[in-house]
Amino acid sequence: MIVSLSSSAVRGIDGYIVRVEVDASNGLPCCSIVGLPDPAVREATERVRSAIRNSGYDFPSRRITVNLAPANTRKEGSGFDLAIAVGILAASGQLALDESVREYILLGELSLDGRVMAVRGVLPCAVAARENGFRGIVVPAANAQEAGYVHGLRVIPATDLGGIARRLAVGGLENACAEGEPAAGPESSHEAGGLDTTSGSGRGAGPAARWPEDLADVAGQAAAKRALEIAAAGGHNLLMIGPPGAGKTMLARRLRGILPPLTWDEALEVTRIYSVCGMLPPGGGMVTQRPFRAPHHTISYAALVGGGMADPRPGEVTLAHNGVLFLDEATEFRRDALEALRQPLDEGHIRIVRSSGAVLFPAGFTLVMAANPCPCGYFGDPVRPCTCPPGRVSSYLNRLSGPLLDRIDLHVEVERPRFGDIQGRAGSVTSSAVLKRVTAAREFARERLAALGVPSNARMGREHIRRAVRLSPRCRELLAHVFDQLQLSMRAYDRILKVARTIADLDASTEVGEEHIAEAVQYRGLDRSPVPVRVPDDEGSRPTSRQPARPMRD
Amino acid sequence: MLAKNRRGVSGPAVRRPAADRAVGRAGEDAAAEELTRRGYVILERNWRCRFGEIDMVAEHRGTLVFVEVKSRGSVRFGSGAEAVDARKQRRLVRLARAYLCGRGRAGLDTPCRFDVVAVDMSRPGRPGIDVIEDAFAVS
């Protein structure tokens, strides 16, 4: 007898439907799984065998063939266990399945005692179920809340094989509602998560973050704080350069406290990614805060951008989607890893191609980098001399390639704080005040961005900029002057306009004025001065304070 | 591939001491008695072919059962059931296939099962008999 059920698996961050066919026939007892199973799927045989026996059923001593269709894609993970077990019970005549089971997706891993364990990627599978016209989805009880975020899909939580088998038996699915489904209906689960159920794109997905760090903790650094505010409001990429101990890392960490709240749709995207990575908070709640990822500089290329041979996994750039990717000591990162950031910075996603096919991961993040100006860290410091040999200084920041720097909207030099700055916290801007301004600016820009179809000012293309930024003749004049003086690239010019647009949003101004452009130009520090990026190597041209204290080796 | 397993190809290659063989023989008799009591119809005993020997072939509730009997005079080295390891399982599967082939097409479509009977004769008196139904499957 052949039984056909539906399950689901994840490729990239998208779910797809897998048909699970079980055939029990006579012959030498044997249980084999075909359809390109990976080891975890092949081992399902042993888990299912024990789970069936320990749930009060017999594992049939017959020739059992399980086919996972489509047979030409590699199946991985343990989510097929439940469908295989139910299929074997039905194929061996121990369970008469309800007709409507074919309209449900079965998902779950089995433990040896028959309990249904949580699996990764339930949310994308639930999305796939709805898109393919399924009526409902059977998921492990621990994943029920996650599956409930998909509207119009009935969620049946499963705790153990015996229980769910009785539920799927003839007549069990109709009266299922009467039994009550904990955290199953979309409404109830949304309430359980304390979230806004009306899914308007402008609504917030959760309360604003409450972080212990506050911008007021950082002494001085008014310019850097202003740059952070602009970065948060427009989603602009930011590079901070300064000596050690100036507060670059402190400042960057405080960025997450001033990021605007996620919209419902953004939160759903992020939750989907974290669902695939198995990184959702316990209980499978929604991700309500913008991600802030700060990988260490020893990170590998594949861990940063995503990778893996047969089944590519999302990397840090994808985990930072709709949030911030912070690279501390950016110059210490591997060159190939940094250069791989170019595509996601431009396009908001990354395409990973393997022999098994290509997957597309979303990677729309705000890049924040912090770096020292030279190996010793004091190049350009007004007091403390730099001790690096001159060649090292120029080669140091050059590790950040031109094309990469070109993609950074805001360059800020963070100076060592003066004693007076350390003394009083009074007057320093607080995170809550900045967050209020940032949220207001996003709100101000919302309609315009929605019309353009981009998530933030930073993501605008040239055509978007042309439509969003209308320049007065005086602004044109100013820009023409700046363009020639700084010998800007076309990309840098676009970035100035985008940053100016955000600054105008912070001012609640529909027009981009001269003062907005003037401020935006200030953040092109590395375009403006040849120091410290392109330091001339000959000694004579360097000011005395920057003389190397050590004798040169070469 | 068959040549790898000397015992599988040529039958019991190791000449066991007479005492062990006596234990084995007595164990099989005790096992046959127990299985018959449980409703098995013994079809063959010590069915031999060029791959080796099946201790018993029986029919039980419409299923063809291949029985491996392991007798132990002492449980010091583990029970008889533990002695049916992966290699012995593969050998039994091969023998079962050979047996089914001998029965023609009908043989391949018969529900089948592998049982292991562990006979413990370490204590005087009636041997302890443990029948493990559906002990393993073709892997």
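Here is a short tour of chain A, one selection at a time.

The model is predicted, so local features need pLDDT of at least 70 and side-chain atom pairs count only at pLDDT 80 or more, while totals for chains, interfaces and linings use all residues. Residues are numbered from 1 along each chain as its sequence is written, with chains lettered from A and ligands numbered from 1 in written order.

Start by colouring domain 1 (2-192) and domain 2 (200-554) of chain A; these bounds come from an automatic or database domain assignment. Where they meet, 16 residues of domain 1 are in contact with 20 residues of domain 2 (contact: C-beta atoms, placed from the backbone, within 7 Å). On the domain 1 side, select strand E1 (2-11), helix H4 (122-131) and helix H5 (144-147), the elements that give two or more residues each. H4(A) gives the most, with three residues. Helices (H or I, at least four residues) and strands (E, at least two) are DSSP runs, numbered from the N terminus.

Next, select helix H3 (residues 81-91) of chain A, where eleven of eleven residues are buried; among them are A:Asp81, A:Ile84 and A:Gly87. Buried means 20 or more other C-beta atoms within 10 Å of the residue's own, exposed means 12 or fewer, and partly exposed lies in between, with C-beta atoms placed from the backbone. After H3(A) comes A:Gly93, with a positive phi near 80 degrees.

Finally, pick A:Arg226 in helix H9 (residues 222-234) of chain A. A:Arg226 counts as partly exposed because it has 19 C-beta neighbours inside 10 Å.

Note on methods:
Contact = placed C-beta atoms within 7 Å.
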